[in-house]
Amino acid sequence: AVLVLKELAINAPSLFNAHAKDFFVVIWNGVRDPKPEIREASIEALRAALILISEREKTKTTTYEMLY
């Protein structure tokens, strides 16, 4: 599932942006998963999402503030 989310962030940014807040709520489950493959895929998806958000919101900090 996290691989699909990663590909959505890369290839369908407008669709991903509509659900970005939900993504940032649930991605931490994958990051903390005991299986290394799932953790690595989750981190790759998180990286893709953060890159997308940083490109989209050059002047806005609301999404980054929400993460903290």
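Trainee: Hi! How many helices and strands are there in the chain?

Mentor: Hello! The chain has five helices and zero strands. Since this is a predicted model, take what follows as describing that model. Read from the N terminus, the elements go α-α-α-α-α.

Trainee: Thanks. Which residues of α1 are buried?

Mentor: Helix α1 spans residues 2–11, and its buried residues are Val-2, Lys-6 and Ala-9. They lie on the same side of α1, because the arc they cover around the axis is only 65°.

Trainee: And what do those buried residues pack against?

Mentor: Their partners are α2 (13–18), α3 (20–31) and α4 (36–56).

Trainee: Which exposed residues are on the face turned away from the buried side?

Mentor: That face of α1 carries Val-4 and Asn-11, both exposed.

Trainee: What about Ile-10, where does that one sit?

Mentor: Ile-10 is in helix α1 too. Its relative accessible area is 47%, so Ile-10 counts as partly exposed, given that exposed means over 50% and buried under 20%.

Trainee: Switching to the whole chain: what share of the residues is buried?

Mentor: Of its 68 residues, 29% are buried. The accessible surface is about 4,800 Å², and carbon and sulfur atoms account for 59% of that.

Trainee: And how many of the contacts join residues at least 24 apart?

Mentor: That is 51%, taken among contacts between residues at least 6 apart in sequence.

Technical notes:
Residues are numbered from 1 along each chain as its sequence is written. This is a predicted model: local features need pLDDT of at least 70, side-chain atom pairs count only at pLDDT 80 or more; totals for chains, interfaces and linings use all residues. Side-chain values use heavy atoms; hydrogens and water are left out. Buried means under 20% relative accessible area, exposed over 50%, partly exposed in between (1.4 Å probe, protein chains only). Helices (H or I, at least four residues) and strands (E, at least two) are DSSP runs, numbered from the N terminus. The arc is that of the directions from the helix axis to the C-beta atoms. Contact means heavy atoms within 4.5 Å. Accessible areas come from the Shrake-Rupley method with a 1.4 Å probe; for residues, only the protein chains shown count as cover.
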